[in-house]
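Biologist: Hi! Could you walk me through this one? I'd like to begin at the metal site.

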Amino acid sequence: MTSIPSPARAAAATAAVLLLHFGLAAPSAATGPTGTAHEARQGHGAPLVIGHRGSAGYRPEHTAASYELAARMGADYLEPDLVSTKDGVLVSRHENEIGQSTDVADHPAFADRKTTKTVDGWEMTGWFTEDFTLAELKTLRAKEARPELRPANAVHDGRYPIMTFQEVVDLSRTLSRRLGRTIGVYPETKHSAYFASLGLPLEPALVRTLDANGLNRPNAKVFVQSFEVDNLRRLDAQLRVPLVQLVWSADQVTPERLREIAGYADAVGAEQTMVIPWREDGTLGGPTALVRQAHRLGLAVHVYTFAAENEFLPAAYRSSANPADHGRLADELTAYFAAGVDGVFSDHVDVAVAARRAHGHR
Ligand code: G3P
Ligand code: CA
């Protein structure tokens with residue numbers, strides 16, 4: 001990697017950008033929600049902008065700061081990934097291994113919790129949420145998980161605790177009041193079968209939390225997503241909110257499989273090249289049939305994951321050879337909006353909201 005900006009310089013640049021966006025934070029039609037979940041899954045309304053792990057391009061992921069920034073930048077939904085603690089509490093982390101995203105390695109009291117496990121076929125060494133009570137996890141602080149790529153975010157290391165799912169719901173409500181529009185939540189169950197095998201199933205706690213908050217109803221601003229199938233099928237009988245089947249390969253969206261998905265879910269959450277493939281020359285190809293086929297079945301299509309760094313962009317959209325530099329994400333997103341997608345997960349919420357507006361949506 002070349003020419004990574006110093007953390008201080010990058011932080012200053014980010015601060016300038018954020019000042020600009022705080023100016024966009026006032027409640028107004030221009031920054032308001034673009035449609036209900038119902039509209040989205042019917043393929044109506046403007047595409048949703050889902051704040052991926054908050055706005056993880058600008059703050060350590062899954063922190064209150066990341067979620068708040070996403071909302072202030074115009075996200076329609078906050079996206080918490082959910083794993084379980086030892087005492088069965090849902091907390092917002094992308095992985096149950098927390099060595100990369102927290103300061104757990106700096107806590108001598110937890111040194112003996114470091115271990116090696118196989119989770120969904122992947123062997124990992126580190127510290128795992130299921131080995132900590134919530135009270136223990138609350139003594140940790142989040143840190144930037146990709147500091148080589150996002151050095152400016154590391155200035156926020158050590159400031160924010162791990163959040164429970166309930167705290168994310170509470171925050172979405174607080175932000176909804178402050179911003180004058182409803183900020184939705186879009187939780188993802190992570191490693192569902194694995195946690196069930198430990199006696200710590202995620203789904204009962206998820207259903208309980210949505211029930212307790214009055215959010216288990218069709219017009220609540222909630223989507224529930226999973227890469228796994230069995231838990232979504234079971235949740236279909238327990239939840240009245242739309243469900244999203246996450247997919248990553250073409251064999252998961254054959255016509256037959258899409259019909260099956262339409263039997264229990266309301267949307268597919270597709271990896272981005274399933275909707276628009278990348279050509280060998282680094283340009284975007286023409287859209288696949290996925291959006292058209294899904295829409296025919298009444299399924300919305302939400303696409304993951306968009307981020308501004310060159311590392312995540314097709315070559316033709318990169319700004320330099322430096323993976324950490326920002327490239328032409330807005331142009332990439334424009335192609336997806338033109339392809340008719342119903343939502344995008346973005347680490348850089350401001351770019352997605354601006355691209356959506358430039359594409360003609362409010
Ligand atoms: O949930 C959509 C997208 O977030 C899936 O990828 O690995 O970031 O959870 P991941
Ligand atoms: Ca996710």
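Modeller: Happy to, and keep in mind that this is a predicted model. The six donor atoms around the calcium ion (ligand 2) subtend angles of 58 to 165 degrees, so the arrangement is irregular.

Biologist: Which residues coordinate the calcium ion (ligand 2)?

Modeller: Glu-79 (OE), Asp-81 (OD) and Glu-188 (OE) do, at 2.1 to 2.4 Å. Along the sequence, the spacing of these donor residues is E-x1-D-x106-E.

Biologist: And where do Asp-81 and Glu-188 lie?

Modeller: Asp-81 is in strand β3 (residues 81-84) and Glu-188 is in strand β8 (residues 188-189), so the pair ties together parts that are 107 residues apart in sequence.

Biologist: Okay, switching to ligand 1. How many residues surround it?

Modeller: There are 13 around ligand 1, and the closest are His-52, Arg-53, His-94, Lys-190 and Gln-225.

Biologist: What about polar side-chain atoms at the oxygen atoms of ligand 1?

Modeller: Glu-79 has a polar side-chain atom 3.0 Å from an oxygen atom of ligand 1. For Glu-188, a side-chain N or O atom is 3.0 Å from a ligand 1 oxygen, and for Lys-190 the corresponding distance is 2.7 Å. The protein covers 90% of the 280 Å² of accessible area that ligand 1 has on its own. Glu-79 and Glu-188 also coordinate the calcium ion (ligand 2).

Biologist: You mentioned Arg-53. Where is its place?

Modeller: Arg-53 sits in the loop between β1 (48-52) and α3 (64-72). With 17% relative accessibility, Arg-53 counts as buried, because the cut-off is under 20%.

Biologist: And what is Arg-53 in contact with, leaving aside neighbours within four places in sequence?

Modeller: Its contacts are Glu-61, His-62, Ser-66, Tyr-67, Glu-79, Asp-81 and His-94. The side chains of Arg-53 and His-94 are joined by a polar contact of 3.1 Å. Among those contacts, Glu-79 and Asp-81 are donor residues of the calcium ion (ligand 2).

Biologist: Last topic: why is helix α12 largely enclosed?

Modeller: Helix α12 (residues 349-358) has seven of its 10 residues buried, so the rest of the structure largely encloses it. The buried ones are Val-349, Asp-350, Val-351, Ala-352, Val-353, Ala-355 and Arg-356.

Biologist: What follows α12?

Modeller: Gly-360 does, and its phi is positive, near 110 degrees.

Technical notes. Residues are numbered from 1 along each chain as its sequence is written. Chains are lettered from A and ligands numbered from 1 in the order in which they are written. This is a predicted model: local features need pLDDT of at least 70, side-chain atom pairs count only at pLDDT 80 or more; totals for chains, interfaces and linings use all residues. Side-chain values use heavy atoms; hydrogens and water are left out. Donors are N, O and S atoms within 2.8 Å of the metal (3.2 Å for Na, K and Ca); water is not among the atoms, so sites may look incomplete. Four donors count as tetrahedral if all angles lie between 85 and 135 degrees; four count as square planar and six as octahedral if opposite donors are over 155 degrees apart and all others between 65 and 115; anything else is irregular. Helices (H or I, at least four residues) and strands (E, at least two) are DSSP runs, numbered from the N terminus. Buried means under 20% relative accessible area, exposed over 50%, partly exposed in between (1.4 Å probe, protein chains only). A residue is near a molecule or strand if one of its heavy atoms lies within 4 Å of it. A polar contact is a pair of N or O atoms within 3.5 Å; within protein, one must be able to donate a hydrogen and the other to accept it, and residues adjacent in sequence count only if both atoms are side-chain atoms. Accessible areas come from the Shrake-Rupley method with a 1.4 Å probe; for residues, only the protein chains shown count as cover. Contact means heavy atoms within 4.5 Å.
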